[in-house]
Every structure is written in C-alpha cells, then in structure tokens.
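Okay, thanks everyone for coming. Let me put the model up, and then I'll walk you through the parts I'd like you to look at.

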Amino acid sequence: MADNAIAIHWRRYPERYLLRGCHCETCKTDFFPGRLFCPNCRRKGKMVSKEMPRTGKIVSFTEVFVGPIGFQHETPYFLALIDLGNKCMILSQIVDSPKEKIKTGAQVKKVFRKIQDTDHEGAIAYGYKFKVS
Amino acid sequence: MRSVSIIGAGQTAFGEHWNESFRDLIGKAGLMALESSGIEGKTIQAIYGGTMASGRFVGQEHIGALIADELGLTPLPATRLEAACASGGVALRNAYISVASGLYDVVAVGGVEKMTEISVEEAGFALGGAGDQETELFHGATFPALYALLARKHMEAFGTTEEQMAQVAVKNHYNAMFNPNAQFHREITIQDVMNSGYVASPLKLLDCSPISDGAATVILCETSKAKKISENAIEILASTQASDSLALTGRKSLTELMATKVAAKLDFEEAHLKPSDIDLAEVHDCFTIAEILAIEDLGFFKKGDGGKATEKGKTSLKGEIPINPSGGLKACGHPVGATGIKQAVEMFFQLNGLAKERQVKDAKIGLTHNVGGSGATAVVHIFKKAQVK
C-alpha cells in the first residue's frame, strides 16, 4: 500500500488542489468530485472537466474532538458541509476562522492547506480547506 | 416467491470477549440457533454470513468457508456478504431470497464482528471504510462527525435538542438492563449523557454506540415446512433494501436517510401493512440522532417529531411503539456485522413472548431496520408470528 502512496495522492491533485470536478453538457449539471458518467443522462450525457466555485455557504458543521488516525494531533477542528452554490456539496475542514463565526449559513472561501502530516500511507497530503470569508 | 420463516435464533452476549475468538463467537451463535430450531445441522442447505471488516479487525477474510468449517457443515455453499454496518441485514435478506426463490428450503445466516483485538483508533479507521475514503475520511471525518453533521441539521430544521437525543441513549440503556446479552447493564441519566464530553459536536460519548465483539445467527425455513418443524416460527412478511450516495455530500436531503424511506415504503407495500400496524421495532441507533431519523423515516412519526416523541416516552418499552427493546446498538452493543442478525434474533424472542422483563406487551408484528455507513445502505424486514393469521 505504502509503495503506491504517491500515486494515490497525485491522481487526485486536480480535485484537491483546484476543486476540479466535472460538468455534463447535456443536462448542464456540475458534479464534485468528478464522476465517470452523468447519473441523470447516463450514456447520453457528455462530461467535461470543470473547476468548482471557490466560495460557498456552510450547510452544517461539527467540531471534532476525537480525530481519526492522521488527525489525532489536530483536534479539536471544525468540519463542515459546504454548499458551493451550483448544487454541489463538499465536505471540508474550516480553518483560520473565529469559532463564533463558524455557523450554518456563514460564507466561506477555499484555501490551500496541508491536510495530513503523514497519512497512514506515509505521505504528506495537501488539498482544500475553507475559511469564513 | 415463497413465504419464509425464522425457526431458530441464537446470539452470544455482546461486549468485550477477550477469551473468545472470531471463530468461537460465530460458532457458538450458530450452535445456539440450531439448538433453538430443533433441527439437525445436516438439514441446512446453505450458509450466509455477514461481517464488515474482519480483514481489518482480525486479519481474516473468507468468512463463508470459515463458518461452514467451524460448524462441521462443509461442503455446503457458504457466502459472505458485506455492506458496512448493514452486513448482517443484507446477509439476512440474501438468505431470505435464496429460500423465497425456491432454491433452498432451509438455510443458516449469521453475522459476526470481533472488534476489540485492535486499538480503538485502528477500529475507528476500519469503521471509517463505511464512508467515502477519498472525500470524507481523507479530510478528517469520523463516523461520529458524519452523524453530527446530520444531527446539527435536524436540530436547526426542527428544534431537536441535545437532551432529546440524550433520551434515546437513556431509554436504550434502560432496556438493556433487562437483556442478558447486552454489553451494558447500567442505567444512565440525561445528565450523564450531557456531561459525557463531545466526540463531534453536538454528539457526545454517550450518544455513540460502542465497539463490541459478538455474533448472532438465525435459521430460515420455507413457511409451510417451518410450521411443522417449530411452533416458534416467525414469518418474514417483507424484506427490502435500498442504496444512496456513499458520501453525505451526494444526498438530496440531510434531514432524512432516503435509503431508509425507500426501503420502508417498499417493505410496507410488500407486507400490505402501514407503520401504525407495527407493535415494536429494532432500529439502527449507531448514534442517538440515527434513531430519531429512523423512527421518522420509517413512518412511525412525522418528519421532525422524532425527538419530541422520544422525549414524551412514546418509544419506551411501555410506549405506543417500543423502539429497541434489546437496548439497540447503543446499549446492547454494535459488533457491526452481527447487528442486522441480532435485530432478527430479538424479534424471534419478542414475537414468541420469550423476552422476559423486556417483553413488549402484545407483540404481534415487528420491524427491523439496519443501516450501512451514514445511510448508503438500508435494509428493512417485517416479521409476524407464523401461526397468527
């Protein structure tokens, strides 16, 4: 598993670094993360790569006090479900924001951060987090 | 499709079994179920087993053959099914289909998990596999965190309170006091839950089901034959299953589990029943909010009323619809692969009037509800005492 750690990460760089998902030109729907084919149009769909909006609104949030492997030294931290405004939802950590401003409906914007120091595969992973804007 | 009944049921105690292996647990539950049915092992024609992550928990895969071997039932066909925490329910449904279809007359179906051999952190990582590894776990989500996101949404949409969620845990701990197979025999108060410390706000330690070892098995038989074999036969009136997006981000609504709603609707149609016909239910309370979502999505209470109904005692042992008389996942314990089968075992006891102090009065029709992950799989079954027409 550890031997492929780098490939496991880099194949997802476009998604994690650029918020790159996809868009179906047939039904004009955005998807994040990207999907192999459009679940609405199925084989009639035409998927193209597309970057998602970098701002959104908190739909729900939680403050995590017991973290999983790789995050035990990060606690407590905030996780939120974010509506990107294009009918796509994303789950992300909320960082660099005063606690009292992290609430449902708050506007957030994407930032680029280290996600895990060393994940269970031994690699340092980077990607998106969000902050209250 | 033919009618199918359960003719025997067995369950190990749920908890920390340091003296017993994965193999011991499923072997014991299997023997108990056979003994309860009164049939000989050689009558069994096929074996089904549910386990979620035995590879991660004990390094053992190939569970179907292991069960057949341990029970001395080789060369029977033996199949493992996996659907995260709904592995047991999905195994039950596939065993049901094998008999309903006419392929077999008698099959055994077990569920097992041995979770305490590894550290709590490693167990949490293994359980995380029930969610989306790339878009949820990668970002630091845990299962309590995913259900906490659903809980917050429910609180903001309907005014559900942390105290109402705590009441689910209080009720289920109370019920477990009367279940000798339960992991916890300790009454708790709302204050105990409120003081137990956040795991992922608004969920606290005592809102969460524990890490457990345990196994459960039932024997299924075509109903006309079942009635001749056992006076305790309980008929499976309906068996349904539905799926949804693996990750929460793919859900159309965050105040319901769509898979539960779909499976329940199909189940009631198949059984020609409505929610008010159900006398008791074992539902998937991996977290207290999950029980509130379940009793709404199954149609026992209006969307948004689950917290209030719980607070008013409507779901207690003597309430209008007793929920989780076994103690549920919260207090009976949650060896994930075993849970869906344990729910059927509880129905076997309840509908036969064998549940002693936790017996639900006039229990004639019961429902079980088993969920995988944060709602990506839901399995619903309805049972009725076979003789009652």
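This is a predicted model: local features need pLDDT of at least 70, side-chain atom pairs count only at pLDDT 80 or more; totals for chains, interfaces and linings use all residues.

Residues are numbered from 1 along each chain as its sequence is written, and chains are lettered from A and ligands numbered from 1 in the order in which they are written.

On terms: helices (H or I, at least four residues) and strands (E, at least two) are DSSP runs, numbered from the N terminus. Two strands pair if DSSP finds at least two bridges between them.

Back to the hairpin of strands 10 and 11 of chain B: there are four residues between the strands, and Gly373(B) takes a positive phi near 65°. Further along, Gly366(B) sits opposite Phe383(B) of strand 11. Strand 8 (residues 234-243) of chain B is also antiparallel to strand 11, through nine bridges, and there Ser239(B) has His381(B) as its bridge partner.

How many residues of strand 11 (residues 377-385) of chain B are buried? Nine of its nine. By buried I mean 20 or more other C-beta atoms within 10 Å of the residue's own, with exposed being 12 or fewer, partly exposed in between, and C-beta atoms placed from the backbone. Side chains in a regular strand alternate between the two faces of the sheet. Here both faces are covered, with Val379(B) and Phe383(B) among the buried residues on one side, and Val380(B) and Ile382(B) among those on the other.

Zooming out, nine strands of chain B make an open, mixed sheet in the order 3-2-4-7-1-8-11-10-9. Strand 3 (78-81) and strand 9 (280-282) of chain B are the edges, each pairing on one side only. Ignoring direction, neighbouring strands are turned by 25° against each other on average; axes are lines fitted to C-alpha atoms, for helices over the stretch in contact, and angles run from 0 to 180 degrees between N-to-C directions.

Over at strand 2 (residues 46-50) of chain B, five bridges join it in parallel to strand 4 (residues 106-114) of chain B, and Gly50(B) stands opposite Gly111(B). Helix 3 of chain B packs on the sheet there, touching strands 2, 3 and 4 of chain B.

**Helix 1 on helix 3**

Now, the axes of helix 1 (residues 22-37) and helix 3 (residues 63-70) of chain B come within 10 Å and cross at roughly 60°. That makes helix 1 of chain B oblique to helix 3 of chain B. Residues in contact, with backbone-placed C-beta atoms within 7 Å, include Ile26(B) and Gly30(B) from helix 1, and Leu66(B) and Ile67(B) from helix 3.

What does each chain put into the contact? Chain B gives 26 residues and chain A gives 25. On chain B's side, helix 6 gives the most, with six residues. That's my tour, so over to you.

Notes. Two residues are in contact if their C-beta atoms, placed from the backbone, lie within 7 Å. Angles under 35 degrees count as roughly parallel, over 145 as roughly antiparallel, 65 to 115 as roughly perpendicular and the rest as oblique.
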